[in-house]
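Dear colleague,

I am passing on the structure we spoke about, and you will find the sequence and the model just below. After it I have set out what came up when I went through it, grouped by region so that you can follow along on the screen.

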Amino acid sequence: MGNLIATRPPQPWTAPTASDPVAATLRLPGSKSMTARALVLSALAAGPSTLAGPLRARDTELMAAGLRAMGAHVSISDDERWLVRPHPLVGPAHVDVGLAGTVMRFVPPVAGLADGRITFDGDPHARTRPLGPLIGALRSLGVRIDIDGEGSLPLAVLGAGGVTGGEVVIDASASSQLVSGLLLAAPRFDRGVVVRHVGPPVPSAPHLRMTVQMLRAAGAAVDDTTPDVWTVEPGPLTGRGWEIEPDLSGAVPFFAAALVTGGEVTLQGWPRSSAQPVEQLRSLLHRMGGEVTLSTTGLTVRGTGVVHGLTADLSDVSELTPALTALAMLADSPSSFTGVGHIRGHETDRLTALAREFTALGADVTEAPDGLEIRPRPLRGGVFRTYHDHRMAHAAAVAGLAVPGIEVDDVGCTSKTMPEFPALWSAMVTGKS
């Protein structure tokens with residue numbers, strides 16, 4: 001069992017149960033992944049940038065605050081349009097990473113470019129999230145780092161106003177963010193960077209493709225033609241306007257609601273060409289009994305009211321595991337999810353947490369080293385603990401559509417990526433906006 005941290009606030013949130021098929025058209029907040037990358041690239045650019053439709057949530061506000069602490073001008077007063085004006089990065093400064101993997105892995109390489117001492121720390125569980133491979137890589141590229149423990153927060157980057165760069169070997173099997181963090185800052189390194197991954201496969205490959213796409217959109221020269229090798233040439237980044245897509249991971253619980261209730265959910269504002277893994281999601285939901293279509297209206301998922309079990313390697317789309325696990329609990333046949341051992345190092349040990357909480361509701365679920373085995377049977381209501389993890393709250397909400405009496409101990413943790421979640425979810429289920 002993993003290291004799980006649980007608290008029980010006094011007022012649990014009762015997940016609403018659906019009495020009818022849901023029918024909703026939603027405009028969800030922007031992608032956390034795109035917002036985080038756009039903020040970093042904008043802070044390192046040669047001129048100002050704007051972010052249209054960004055995600056305002058705890059993770060992205062911490063990212064903005066961290067970059068601002070080092071000297072970048074980041075204005076987030078307008079919810080729909082953020083402005084970033086780059087300035088010389090300096091210390092001393094402190095970066096609160098909260099529980100955000102993007103902040104703890106994207107900002108230290110940027111801090112190496114600053115002139116001065118930049119300290120990093122975050123929530124208690126942040127100190128258990130994998131960071132060692134990034135620290136080793138940065139040191140080999142010429143960045144000085146003070147750290148008390150072995151490969152975890154708190155730490156201090158002793159910025160020298162520049163990073164030599166060069167070639168580095170890293171085991172990024174714990175998180176694709178370890179590679180993305182190096183690549184995003186690499187154009188500003190004196191020699192750029194060549195990152196070679198050695199080890200088990202890097203998870204969440206679509207996130208790496210997003211990093212490469214956005215680097216190129218900002219004017220960087222990136223070569224990713226060799227598997228597990230990424231080369232970024234040194235050179236200026238261009239300030240630009242970023243159009244942030246709706247967050248696909250955040251949309252998945254709402255799409256799952258269409259399958260559970262036999263309803264229809266449309267996510268507005270979806271682009272024809274996406275940087276997020278839409279095709280993988282389309283395939284997974286289709287196999288579980290849904291129909292996914294993209295039109296001028298948006299991305300629509302329809303369900304029949306029957307959910308099918310699924311055997312799938314989710315290594316590319318591991319963020320979907322909690323919501324898909326909840327769907328699998330309500331399916332007409334068993335499910336087996338593999339390839340997601342790395343999510344034990346996310347906001348909590350998600351595999352242990354999912355197995356523990358659904359078992360407490362009567363589920364037949366077996367935890368494997370890299371996944372879950374689920375054999376559906378009737379569930380009962382009860383308290384569902386989130387361990388401060390927004391995706392756990394999403395899973396509980398999906399199950400609650402069909403199981404009365406599921407009480408989420410801390411639905412407030414959804415503010416990490418979607419503060420509006422409880423209100424949006426209740427409005428969808430009740431049909432009252």
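**The annotated binding site**

Ser204 is buried, with a relative accessible area of 9%. Please keep in mind throughout that this is a predicted model. Ser204 is found in the loop that runs between strand 11 (193-197) and helix 6 (205-217), and, leaving aside residues up to four places away in sequence, Ser204 touches Ser176, Ser315, Asp316, Ser318 and His342.

Ser204 is also one of the positions that UniProt lists, in an unreviewed entry, under "binding site", the list being Lys32, Ser33, Arg37, Ser175, Ser176, Gln177, Ser204, Glu319 and His346. From this set, the lining of the largest cavity takes in Lys32, Ser33, Arg37, Ser175, Ser176, Gln177, Ser204, Glu319 and His346.

Another residue from that list, Ser33, has its place in helix 1 (residues 32-43). Ser33 has a relative accessibility of 11% and therefore counts as buried, the cut-off being under 20%. Not counting residues up to four places away in sequence, Ser33 touches His207 and Met210.

In the model, the end C-alpha atoms of residues 18-422 lie 15 Å apart, and the span is 30% helix and 22% strand.

Four strands form an open sheet in the order 4-5-3-14, with mixed pairing. Strand 4 (73-75) and strand 14 stand at the edges, and each has a single partner strand, so one side of each is left without a neighbour in the sheet. From one strand to the next, the twist averages 15°.

Strand 3 (residues 49-52) has Ser49 and Leu51 pointing one way and Thr50 and Ala52 pointing the other way, and all of these residues are buried. Strand 3 is joined to strand 5 (residues 81-85) by four bridges, and these two strands run antiparallel; here Ala52 stands opposite Arg81 in strand 5. Three bridges join strand 3 to strand 14 (residues 241-243), and that pair runs parallel. Within this second pairing, Leu51 has Trp242 of strand 14 as its bridge partner, while Thr50 stands opposite Gly241 in strand 14.

Strand 18 and strand 19 (residues 335-338) run parallel and are joined by three bridges, and the bridge partner of Ala312 in strand 19 is Phe337.

**A covered helix and the aromatic pairs**

Helix 3 (residues 101-111) is mostly covered, with eleven of its eleven residues buried.

How many aromatic pairs does the structure hold? The structure holds five aromatic pairs. One of them is formed by Phe254 and Phe421, and it is edge-to-face, at 5.7 Å centre to centre and with 70° between the planes. This pair links distant parts of the chain, since Phe254 is in helix 7 (residues 248-261) and Phe421 is in helix 12 (residues 421-430), 167 residues apart. Both Phe254 and Phe421 are buried, and together with Trp13 and Trp425 they form one aromatic cluster.

With best wishes

Terms used
Residues are numbered from 1 along each chain as its sequence is written. This is a predicted model: local features need pLDDT of at least 70, side-chain atom pairs count only at pLDDT 80 or more; totals for chains, interfaces and linings use all residues. Side-chain values use heavy atoms; hydrogens and water are left out. Two strands pair if DSSP finds at least two bridges between them. UniProt positions are given in the numbering used here, feature names are shortened, and annotations may be inferred rather than shown by experiment. On a 1 Å grid over the protein atoms alone, a cavity is a set of points where a 1.4 Å probe fits but cannot get out, and a pocket is an open set with protein on both sides within 12 Å along at least five of seven lines; lining residues have an atom within 4 Å of a point. Buried means under 20% relative accessible area, exposed over 50%, partly exposed in between (1.4 Å probe, protein chains only). Contact means heavy atoms within 4.5 Å. Rings of Phe, Tyr and Trp (its six-membered ring) pair if their centres lie within 6.5 Å; planes under 30 degrees apart count as stacked, over 60 as edge-to-face and the rest as tilted. Axes are lines fitted to C-alpha atoms, for helices over the stretch in contact, and angles run from 0 to 180 degrees between N-to-C directions.
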